[in-house]
Every structure is written in C-alpha cells, then in structure tokens.
2 protein chains.
Amino acid sequence: MTNSAVDILIVGAGPAGLFLAAQLAKINAFHASRVRTGEPVKRINYRIVDKAEHKVLVGHADGFQCRTVEVFQSLGIAHRVLHEGCEVAEVVFYNPDPEEDGGKGGLKETQRVIDTEPGTSFFRHYLLGQARIEQFLSDLMQDEDGTKVEQLMEPTSFEMANDVNSTEYPITVKLRHLAPSISNGSTKEDSKSGLYRSNLFATEATSSTGGSGTDDKATVDEEVVKAKYLVGCDGARSWLPTIRLKNVIHSAESGSILTVPRERGYVRFYVQLGRLEPGQRVNRSEVTIEKIIEKAQSIVKPYRLECADVEWYTCYEIGQRLCDTFDKQERVFIAGYVAHDIETAPNTGILTSIFPHFREYSDACHTHSPKAGQGMNTSMMDTYNLGWKLASVLHGTAQPSVLSTYQTERHAVANDLIEFDRKIAGLFSGKPATREEAGVSLDEFHALWKKMGKWTTGTAIEYSQSSVVTSAKQQDFGIRPDLATGILIGSHFENHPAICCGTAQDIQLQHQLISDGRWRIMLFPGDIRKTSVADRLQSVCKKLDGEGGIIRRYTRTGDIDSVIQILTVFATPRLDIEKLPLPEILKPKSSPYGVPAWDTIFADDKSHYTGNSNTYIGYGIKADRDIGCAVLVRPDQYVAGVWADTDIEKLGEY
Amino acid sequence: MTNSAVDILIVGAGPAGLFLAAQLAKINAFHASRVRTGEPVKRINYRIVDKAEHKVLVGHADGFQCRTVEVFQSLGIAHRVLHEGCEVAEVVFYNPDPEEDGGKGGLKETQRVIDTEPGTSFFRHYLLGQARIEQFLSDLMQDEDGTKVEQLMEPTSFEMANDVNSTEYPITVKLRHLAPSISNGSTKEDSKSGLYRSNLFATEATSSTGGSGTDDKATVDEEVVKAKYLVGCDGARSWLPTIRLKNVIHSAESGSILTVPRERGYVRFYVQLGRLEPGQRVNRSEVTIEKIIEKAQSIVKPYRLECADVEWYTCYEIGQRLCDTFDKQERVFIAGYVAHDIETAPNTGILTSIFPHFREYSDACHTHSPKAGQGMNTSMMDTYNLGWKLASVLHGTAQPSVLSTYQTERHAVANDLIEFDRKIAGLFSGKPATREEAGVSLDEFHALWKKMGKWTTGTAIEYSQSSVVTSAKQQDFGIRPDLATGILIGSHFENHPAICCGTAQDIQLQHQLISDGRWRIMLFPGDIRKTSVADRLQSVCKKLDGEGGIIRRYTRTGDIDSVIQILTVFATPRLDIEKLPLPEILKPKSSPYGVPAWDTIFADDKSHYTGNSNTYIGYGIKADRDIGCAVLVRPDQYVAGVWADTDIEKLGEY
C-alpha cells in the first residue's frame, strides 16, 4: 500500500471541491510566476479525489448569482459563463383568475419584476448547467498548476491525531482505487434521470457528483494519504408566451411551477408534485417523466404544454437542515451543498457512504430546496472563504486561528440561507389564497420576493466582527466607516468604474482584485494636484514602505507586493497623474522582470466611451476632504476595515 | 500510396487557413443540429494540412481590428480575445524637439489621439499573439465538427484537369507525410528569433507557420488527395511613460519606433533599423537582438530603454506587392498574408517551397509591411469571404459562378491595403522635416493617420456591385437605399442595440448574425400597433412564406429557416409585441425540436439597464413612414441590398 503526504486533501469534485482546488491552483500559479530574492514560497500541495468515474454530464444545479460571477471574474473564468449562459431579465408571475378562460378560471399574468436590480452588480444572473462550470474550474486548475481531479478514488477510513498540533500531518485517510466500469450499463434514457442522486431513494444513491455507483466496482489498489488539512466537499446523496423569462406560476388547485431559461434553448421546470404528510414517503411509481409532465400540464391550464425533448429530470423532497459545525479542530472542514437528505434527522446521512467513520461530521453543511438557486453558489462561496485562509496558514502569513472564522462566517450564512429557503419553499408549495379560502397571499409572495432580491444575488452577505473583519465600533483600531459611506465593512468590495492611468482604459475596480491570495490596500488619497495631498501621500507611503513599515513587516520574501498589494485611486484627471514621480511603493517593480507596475494607479476621470467614472461618489468618499482613506480588502474581496490614511499605522497594528 | 477524395483541401494552417476551416466546421455543425424532413444537407468534407511539426508558439502577428473581432463574435470566440487580449485606448506621438533635454534636443510628446473612434464598432482594437488566435480557431473547429489540423504534411505536386467541370474531383495533390523531429534542436534562445521566417534570409526560410523546417525530415508516407477545391493559405516564407498605450516615435536623426502593448505586460517594438538603397541587401550581422535594442535606445533618447525580457524578435524588409489573381478557374484559391518577400519581382517566391509545380500561383495574395497591423486580419477576412461561397456551392444553394466574386471583392481590398501600406510605411521610415531640412511633415503624418482610422478598424471595406451585392443604381431590382440611410450597401451590417422580445434583454443586433452560412432578411416593418402596418406585414409574410414564396423557393429541405433566416425589428414597445399572433414565418418552428423561435423578434424599445435602444434611428429608418424596409444580408454580414417591404418580391427576384 503506497503512502504519501499532502497539505490539503479535498474529497469530492463537485462545485465546492473544484472551486477550492481552482483557487489553490491560482494561488500556486501566482507565486510560481514570481522571482524572489529570499526563500521561494512553497507550492501548496493538494489533491482532489472523487469516487465517481466521471464528472457530472447533465442536469443538477444551474443558477449563478451575480456575486458568484464576480468571484469567477477574479479567477478569470466569468467570460466563459457570460458566453455560454442564459441571462434572466425578468420574472413573470402567473396566478389563478376566476375570470380567465371565459369564466372557467385559469392562469393570468399578474406581475413582472426585473430579475437583477440595476446597480446590484456589474454582472447579472446567469443560468448554465453545473457540468459546464465544473469544466471551467477543472480547466482553470489544470492551466494554472497542472492538477487534475483523481476519479474513482473512494475514502474508506479516516483518522485524526488527538492533538492535531503534535505532528505535521495529523490526518490519515485510506483511499480505495476503484476499477472503471467494464461496460457502461446506462442507456441514453437513464442519463436523463437524476433520481439516482435525488433525496428520495436511499438504496440508489451512489456517487457524489453523478456517474455510476461504486458498490459494483472492484478495488484495484489502496493507498494511505496523510494530510495537514482535509476538506469534505461531498455534497451529494445529496412553452408559455414568456418562456425565455423566469416564470412563477401558481395555479388555483394544482400547485406551482417555477421556470428558468437555460442554454441551447432549453427551459428548466420546477414542478410541485404534491405535499407529504409528516412521516409520509414519496411513492416511487409517481416519479416518472410522464407523470411530471402531466402534472405540469395541469398546473399551466388553460395554457398547453408539450415537451419536445427532456434532457434531464429528478425529484427531491424539500427540507431545511443545517450542520451544527463546519469544522473539526480546524483541520477537517466540510463545505458545499446538499439539496437532498433522506434522513429525517438533521446532520446525518449524506456523507456516510463516503466517510463511514466520520459520521458526526458526515453531512455537508447545509441542505435545502434547490428552487431558490442558492445551493451551488453557496457551496462555492464556502470554499472561496476557506481557500485563502488555508493558503495563508500554509504560507505562514496568517495564524492557524484564522481558520476558526470559516465556521463563524459561513455557518451564519448557511443559517440565513435556510431561513430564507424555508420561507420561499413555503410560499411556492402553499396554495394561493382565494376569496373563499385562506392561503398564501400573492402580495405576501411578491413582497418577500422583492425583499429577497439582494439575497438571491449573493451580494447581501455581511460577515460579523472577527480576527479578519473589523467593526465600526472598534475605536481602538481607529475604524472610520464615515470616510467611505458607500463601503460596508464585512461585506464584499463593490464595483465602481475608474480609469487606469497606464492604459487610458475605463476599467472595473473590483475586477482588479484577482483571487491570487493577496490582501489589498485600496488608497483613496484625494486630488494629488493639491500640495497638501501630495505631502500627506509621501508621509503615508513612508509608513507603508519604510524600514519596519506595514508592507515590509509582512513581506518576508523580498517581493514587495506579494502579500499585500496597494491600489491607488486619485480624484485627479489621468493626464495630470501620469507623469508624476509617485512613491515607488504605489508602482512597485513587479516580479519577475522588475518592470514598474502599470496597473496599480487609477483615476476618477472621464472615459473615452462611457462618461465620468464617478469612482469617489460611488464609494461615498469625499474628494475634497483634508483626509484620505485606506480600505483593507481580504483575498476574498471582503472589506476588513476602513481607516483614515493619516492613521495608516493603525491599519498596520490591526 | 493511399488515395482519398475531399470537397476542399486547405494547405497551410495559419490564421487564413484555420479561419476557413473553422467557418466550414461552424456551417457543418449548424446543419448537423437540424432534423430535416427531406434529404439531409451533406457534411462539407474538408482537410487542413500544414507541413510544420506544430503550430506557431510565440511572436508573429498580434493586432485585431474591430471588424475582425465582430466576425469572431459571429463564430462565438470574441469573448476569448477580449479576455486575454490588450485593448489599445490611445496613440501617443513623440517627435523631435530641439528645446528638449536642456537645449540638447530630444523627444517630446506632441499629440494624442483615441485609437478607436467611439461609434466605430461595438468592439475596439485588441492586441494578442497569433498563437492564441490559432488556438481559438483550432478549438472551435474541433468543438464544432471534430476536425483537427494534420501537421507534418507537405504537398509535393499538384495537377488540375484542363476542363475542371468534366470530373467531380478535378484537383490532384500529392502529400508527403513527414517524420517528426527526433530531438528538438532549438534552444530557448532560438525560439525567440523569428528570423528563420522573415523575408531577409532565403536559405533559412522553412515552414509556413513557424516550427522547424522540413528539409531534414524523412518521408514516412505519401498519399494522393483528390479535391473539388483547393485553397492555399500558406502565407509564409511568406518603458516609456506611456508604454501601455500605442506610441509613435519619430527621432530627429535615428529613425522611428512604433510600440503596441501586448498581453502579460509585454510590449511590441517596431524599430526602424535603417534604409536600403536599391539593390542593397541587409547585413546579416546587424540583425541581433543586441543591435536592435541599441538602435531602439538611440531612437528614444533622452528616454532610457532597458529590456527585462525578450520573448521574440524578427526583422523584415518593407515592400508592397500583390498577386494578379486570387484564383485559378474558380477551383484553386489563394488567401492570406505574406509580410515578407525576398524576391524583388512581384507574384513569386513565397509558396514555391510548398507547391513547386504551381509557381504561377505560388505567392500568397498580398505582401506588405506588418506595421499597420493589417495582415492577419485581411488574411482571415479573405477566407471569411471565400468560406460561405464554397459551402453554398457545395450545398447547391448557389451557382459556382459566385466563386468569381472572391477574386473581384478581395483583390480590390488587397489593392487598397497595399496603397495604404505604401503611404504609412513611407511616413514611418521617412525622416521628419525640420526647420532646416525637408522631410515628412508631422501634420501630414497625423492627418493621414486620422483619415486612415476607419481603414485600420477593418470597417471601411465596401464591395462593388456583383452577383452578391446590388447597387443603388439597380432600378430594375427596386433597390431603395433611401429607406435605410444608416445602412451602406456593399458594406458590413453595422451594429445597433435592440431589445429581444423573447428574453427582455438588450442585445446587439449584429451579434444575432451568426456565421452559420445562412443569408438573412432583416425586416423593419415599423410600428405594428398600427393596423396599416399589421396588414402590410401579413401581406409581406405571405409573399415570403406562401406556395412558391421567396423563402420556400430556396429551401428544399423542409427546414424553413435553414437557408434564409428572417429577423424582425419592430418600432413598437416589447410588451405590446410579445403576445401578438405574428405570422409563423417570423417565428418559425425551429429544428430539431419544432419549438417556435424566441430569438427572431426584436423591439426598438427601452432597456432595463442602458436606456433607449434607438435601433431605427441607428439604421436611419423612419418608423413613421407608410412603408417598411427589408435588408438582405449575406452570410458574411455584408449588405446585399435594401428594399421596400412592399417590394419584397423584387428581393426574391434578385
């Protein structure tokens, strides 16, 4: 039996696991591109294994929130989502009306709302199959550091040292290498059905990311992997007139339908099949594609519905459950989404087939209904939160205690998600109120939908105070949220345009925050044409760059912008900035060629094409104040704090 | 010796050859996606061969015109160019000034101009290495119909039947299969030099697309390929303060430099090394990277120039030459760009090593200096022009005589290009005028540069009257250019936004014209809320769709939108159009599932995000006229003609 050791072992190659791996690859590639005078930064050694024979090919999750697309941008794959995905522009509500169909009663369009409110994000919502995003993440991983998913690898046992700090590799996992299927037994018809991994039928649940099961597979080899960290990302057992919009259809008696447009002209239908009494189970014979279509037809009456082609279908039971804890001694982490849970008790089930000895943590973090399109997004944002923290600890630029914030930050998000989901699911499944009967009020539905708009874009998340987020109340650190009223501490750094001085282009400031594992100080000094501003900036830069300065203190490799990058936005016309002899720390000689950076200085100025960028206004920063501001942004684009630039040493202390 | 037959044999896998192959793949994929009641459309059987061992890896061409990016959009690869490429925002002119450097004389920034005038195109100019675009085209080809470039294949002989119509496959080419190199003899240093394929040193010129030569390679096999058509796309033997902008630097005595920004922080320098007297040849010992840098340093004085890394360099002799004819009996075509030509006589040289028996056509079409960034773009636009014509003839939807328009249309473009290049090259190489000496006037330079702006975007091309372009004067066909004053017959269909009725999104109308080989009728009926407009539209659609109607006449496969697609833009708010019972020909039941098209009806309306689309104003069409208009657009997006919709039968006759 072979033995090996890795920094991080990732179990499960669904969106959460692949996202984590892709982020680590990006961080590795960043450091590999650098030439350092000191000791080189060690490559983070990770493996990603999955017991399925191949990745998911069709079906499953498909909704991408604005915030997820923003993060894809920081990894350099958003353009592929925009190219292949469907944008949803409007949501159309259909509701029962007794006057319709000549008095027989039927559906009527009652309201339309915009799906992504203008100003929410540079991006909008997109629909695209999970298989494609898994492909993009795999491609990224392979391009950045050559890593591939190891398929047909099943963990069979797991051990962890009692004192995790007594040894370098406290985690031991046994991996079984499975033989590939000799013949592919699945017919084309089978591949359309997602029931084998729905939450309805326990005995058929097999693989974490689709593909065929493992029970019938021979073991060809076994190996023992020792790891510093283990991350479980095994979620898994876990035509109308406006059909290219998002449609919310409530029928009077038959239940509800949600439709979303999909790539290649396809449409996804979420059809409510019925309601279960406590303890009641789904009748297997009901779950056929014919029955689902029949049910959908009865809901949309008097409209007719015919299905020309069915690419994929599944069935799930709605339930909201949440794991108590996301980590074990800050060494073993779970992440990701489970839409389905056949157990009725919370926190059990899903991962047991993969980690039989790890039952107490063997659920994925959160389980809820897929209808609100939250699952895949939240999963990937889980590992986005975790990835840079693991990398920082392994690089020695953060204390291991930072890892505890994964649990505090993401558990709170999962909790809010479950609450939200419970409400939305209730509204979808509930019978609409009529004049005669009580029920779900349509006004209530619309109101919640609108209120939840920001939530469903993924941009509403606000992390609480911790070692990596300050609070407006932390007077000792000199936090000054009043200096940038458009920036919310604990929330992501929102996008506003600016002009890049080096290229004369109108750029998106958020797009400059690449997910390469670096922290960033966003400096807003004001108008440098004023002598007072220029003088102040010189003094700020001395505190950053001087002997024992903030930047030098945390950069031990002689590669000055490798741990913290400074991006500066002036309230000054570009041409006036261009030839100024700015302090070198603002335009550092970048590795590997020592060429001065040309992409770190920005202007709040007029674009050749799109008018004024209004960057300072966008971030709520007064350009004419006699004080500048410095915003500290984490490697995952969340704002850690806002300081007066004259107080920059307090940022350093923090 | 194996024997085989193909519809089209493409020799050379540079940008022109790959572009042609990718376009054919796209057309094949379009027809393969369709289910037809009649006879299926035959797959176009093509091969693309190249004698090099691998494709170009670094260097060569790098500028992409707006118009080329528009065409990439129609193939679905523009997003990759935008993601990886550099946008050029401004051109900066540096000129000698005796006052500079404390009276010693030196360079001074004298002017700045925007590189792409607003309104020219939805896209701007991009810089990206030729290797990447060849990768994108290869990927597209493989994704669309699975074809791959066949490397290490060298044509050794060529024969063509005297009467090309006497036999199905009149062309016979012998291909030599070469053995791969046993060891790669090139060092890293060698790979930086492009001299082996420059136009300076005949004996070293080897491969059409870079890579190692063939002379030392063993023949492992030979085959005979018979073809209906042959296309030769073997072009080939054929830090300053504003360094991320485009810089035009004229020194007083030392010559000129042009710089353009490139991806990954690189910059391309075009350095004038000297001038040759008639009959004089370049001194080989001058062409070293050290000498080139030294020369550049002397030009930019008093600025200092240091090169941290050199990825690639080459040297070429400026000359403008043009082939007399681009085709032979409309069966053999040449396409593509040759920057270099060591022979002094026109129409010789370049392809001779590839087609020794085909000397009279053995030059690529045009040869000129690379500085204006015209070569790769013009090459690909050559094969864009040719590809759909070949496909139409092979599909039987056009007469073979349409192929003669390749020569007439593209030869005129090449002629204009050469004229333009001659002027630009003279200005670059000429010494600037000073108070004391005559020379190139800077005003003259700037004036030509600005005037040529539209030319260098690729959007200025206007094809003359032919079987596939009408003329405003053709009264017999009822041409009515006055109905759409923003549309130029013979030019490409320009972009304006509109709102898609099916998706409620603001879309770019030009992006709907996918390069899948289809003709398009763009209908602008006016405001359909008016009864007169609705009635007129009914009558127009009857002429299109009725028994013997225009569409049915040319669509023999029972797949109504497979030859001509109709796109309709109403001057009506979207919500008023959405539920109208439009004539079926405007929203045909699309193959393969018979689902009504949701992407053929557009509104000139307000967007959720970007204001009014002003589509009718953009195209110069009066919405309140009592007559609509119909624009016929070719498969390569060029406008064939404009008709009154009431005269639609004249479009049919045409």
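## Interface

Chain B and chain A together bury about 3,400 Å², and carbon and sulfur atoms account for 59% of that area. The model is a predicted one. On each side of the contact there are 38 residues: 38 from chain B and 38 from chain A.

Four salt bridges are found across the interface of chain B and chain A. One salt bridge joins A:Asp506 to B:Arg124, with 3.5 Å between their closest N and O atoms.

## Symmetry

How are the two chains related? In general, a rotation about an axis and a shift along it relate two copies of a chain. Here, chain B is superposed on chain A by a rotation of 180° with a shift of 0.1 Å along the axis, at an RMSD of 0.1 Å. The two copies are therefore related as by a two-fold rotation axis. Within chain B, B:His79 has the C-alpha nearest the axis, at 3.2 Å from it. Both copies use the same surface, as 100% of the contact residues of chain B recur in chain A.

## Chain A

Chain A has 654 residues, and 60% of them count as buried. Its accessible surface is about 25,500 Å², with 49% belonging to carbon and sulfur atoms. The secondary structure of chain A consists of 15 helices and 29 strands.

The domain assignment divides chain A into domain 1 (2–75 + 127–237 + 317–455), domain 2 (87–124 + 239–300) and domain 3 (475–653). Taken over C-alpha atoms, the centres of domain 2 of chain A and domain 3 of chain A are 47 Å apart.

Definitions and conventions
Residues are numbered from 1 along each chain as its sequence is written. Chains are lettered from A and ligands numbered from 1 in the order in which they are written. This is a predicted model: local features need pLDDT of at least 70, side-chain atom pairs count only at pLDDT 80 or more; totals for chains, interfaces and linings use all residues. Side-chain values use heavy atoms; hydrogens and water are left out. Domain bounds come from an automatic or database domain assignment. Copies are superposed by least squares on the C-alpha atoms of residues with pLDDT of at least 70 in both. Contact means heavy atoms within 4.5 Å. Helices (H or I, at least four residues) and strands (E, at least two) are DSSP runs, numbered from the N terminus. Buried means under 20% relative accessible area, exposed over 50%, partly exposed in between (1.4 Å probe, protein chains only). Accessible areas come from the Shrake-Rupley method with a 1.4 Å probe; for residues, only the protein chains shown count as cover. Buried area is the accessible area (1.4 Å probe) that two parts lose on being put together, summed over both. A salt bridge is a side-chain nitrogen of Lys or Arg within 4 Å of a carboxyl oxygen of Asp or Glu.
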